[in-house]
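Please go through the structure shown below.

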Amino acid sequence: MLPIGPLMIEHRLIERMIRVIQVRLEDIKTHNAVDPGQVDTIIHFIRSYADRCHHGKEEDILFRALKDKPLSSEHRRIMEELVEDHKLGRKITLSLLEANERHKKGDAAALSAIADGFRSLVEFYPKHIEKEDKHFFIPLMDYFSPEEKEALIKEGYEADSRLLHEEFVDMVKSLGVMK
Ligand SMILES: [Fe+2]
Ligand SMILES: [Fe+2]
């Protein structure tokens, strides 16, 4: 297994969620309605899994390790572009969250903002994933020794296990329970 293996497996699950979002987008067009609970679930997936867990491992482990490597100018350019993409993904998700909150309060105009957020996610993620899978991840592996690759895999697994605990600590905090 290469360090990019788990990241590419995660891409497949993100793509499945993007297909779900696509269906929900069609539903909005057909029924002029959306279930706010389902929008919350989608937002939770994008924020916790796609961003915090997946983009987190890309930025804090893989990209961090690449900063010490003699990257080609093309690879450095793509890496910077990917970090900017992640920022855009966070912005889209925040707008979607705000639209869903407005929608829950009865703001009728918020439905089209939810549809916009869904459309942006459907446009954003497949392109971003293709850039990583087809033009970045595989050639990057040549910058690392077998030992470094092993260490990166281990670091990824440790990050995943930390995250699981953080998620539940955050859940308790969100309910307002003080220490
Ligand atoms: Fe990414
Ligand atoms: Fe990715």
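Q: Which residue bridges the iron ion (ligand 1) and the iron ion (ligand 2)?
A: In this predicted model, local features need pLDDT of at least 70 and side-chain atom pairs pLDDT 80 or more, while totals for chains, interfaces and linings use all residues. Side-chain values use heavy atoms, without hydrogens or water, residues are numbered from 1 along each chain, and chains are lettered from A and ligands numbered from 1 as written. The two iron ions lie 3.2 Å apart, and the residue that bridges them is glutamate 58.

Q: In which helices do glutamate 58 and glutamate 132 lie, and how many residues apart are they?
A: Helices are DSSP runs of H or I with at least four residues, strands are runs of E with at least two, and both are numbered from the N terminus. Glutamate 58 belongs to helix H2 (residues 36-66) and glutamate 132 to helix H4 (residues 110-135). The pair links distant parts of the chain, 74 residues apart.

Q: Which residues coordinate the iron ion (ligand 1)?
A: Donors are N, O and S atoms within 2.8 Å of the metal (3.2 Å for Na, K and Ca); water is not among the atoms, so sites may look incomplete. Along the chain the donors of this ion follow the spacing E-x27-H-x41-H-x3-E. At 2.1 to 2.2 Å, the coordinating residues are Glu58 (OE), His86 (NE2), His128 (NE2) and Glu132 (OE).

Q: Why is the arrangement around the iron ion (ligand 1) what it is, given its donor angles?
A: Four donors count as tetrahedral if all angles lie between 85 and 135 degrees; four count as square planar and six as octahedral if opposite donors are over 155 degrees apart and all others between 65 and 115; anything else is irregular. The 4 donor atoms of the iron ion (ligand 1) subtend angles of 88 to 177°, which makes the arrangement irregular.

Q: Which protein donors does the iron ion (ligand 2) have?
A: The spacing of its donors along the chain is H-x42-H-x3-E-x73-E. The angles among the 4 donor atoms run from 82 to 169°, and the site is irregular. Lying 1.9 to 2.1 Å from the ion, the donors are His11 (NE2), His54 (NE2), Glu58 (OE) and Glu132 (OE).

Q: Is histidine 11 buried or exposed?
A: Buried means under 20% relative accessible area, exposed over 50%, and partly exposed in between (1.4 Å probe, protein chains only). Histidine 11 has a relative accessible area of 0%, so histidine 11 is buried.

Q: How many helices and strands are in the protein?
A: Read along the sequence, the pattern is α-α-α-α-α-α. The C-alpha trace spans about 55 × 40 × 25 Å along its principal axes, and buried residues make up 41% of the 179 residues. The count is 6 helices and 0 strands.
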